[in-house]
Amino acid sequence: VGTDAGTIIRTNSNVQIQPDEFAAGDIISIYNNSGSDITITQSSTTLRSVGTVDTGNKTLAQRGLMTVTCVSSNEFVCSGGGMS
C-alpha cells in the first residue's frame, strides 16, 4: 500500500503491487525473510526488471532483497539480489 513507500517490507509470503497506490519516485524495498522463494505479483500494474524489456511477476529468492521504484502511474522498475 502507499504507506509502504520509503520503507522495507520484511515478509515470508507473496506480495502484490497494487494499482494507484504509489506516485512516481516512491521506492519500496522487499526482503524475503524466509527459506523459500516468494512471488512479487503485478496487479493491473507493470513490473519491469531494470535494464531489460522483461515485464511480469517477479520471484524473490530466499533471503533476497528487491527494490521496487515507481516510475510513473502504475509502472515500476525492480532490481535487487535474488530477483528473477
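Q: Hey, what share of the contacts in the chain with a separation of 6 or more comes from residues 24 or more positions apart?
A: That's 51%. Keep in mind that this is a predicted model.

Q: Got it. How many helices and strands are there?
A: The chain has 0 helices and 7 strands. Starting from the N terminus, the order is β-β-β-β-β-β-β.

Q: How does the radius of gyration fit with a compact globule?
A: It agrees: for 84 residues a compact globule would come out near 12 Å, and the chain has 11 Å. As for its extent, the C-alpha trace spans about 35 × 30 × 20 Å along the principal axes.

Q: And what percentage of the residues count as buried?
A: 32% of the 84 residues do. The accessible surface comes to about 4,400 Å², and carbon and sulfur atoms make up 44% of that.

Q: Switching topic: how many positive and negative side chains are there?
A: There are 4 positive and 7 negative ones, with the centres of the two sets 10 Å apart.

Q: Let's zoom in on L65. Which strand is it in?
A: L65 sits in strand β6, which covers residues 58-72.

Q: Why does L65 count as partly exposed?
A: Because its relative accessibility is 40%, and partly exposed covers the range between under 20% (buried) and over 50% (exposed).

Q: What does L65 touch, leaving aside neighbours within four places in sequence?
A: Its contacts are I8, S29, I30, Y31, L60, S79, G80 and G81.

Q: What about G82, how far is its C-alpha from that of L65?
A: Those two C-alpha atoms are 6.6 Å apart, while the residues are 17 apart along the chain.

Conventions:
Residues are numbered from 1 along each chain as its sequence is written. This is a predicted model: local features need pLDDT of at least 70, side-chain atom pairs count only at pLDDT 80 or more; totals for chains, interfaces and linings use all residues. Side-chain values use heavy atoms; hydrogens and water are left out. Helices (H or I, at least four residues) and strands (E, at least two) are DSSP runs, numbered from the N terminus. The radius of gyration is taken over C-alpha atoms; the globule rule is 2.2 Å times the number of residues to the power 0.38. Buried means under 20% relative accessible area, exposed over 50%, partly exposed in between (1.4 Å probe, protein chains only). Contact means heavy atoms within 4.5 Å. Accessible areas come from the Shrake-Rupley method with a 1.4 Å probe; for residues, only the protein chains shown count as cover. Lys and Arg count as positive and Asp and Glu as negative; His and the chain ends are not counted. The place of a charge is taken as NZ of Lys, CZ of Arg, CG of Asp or CD of Glu.
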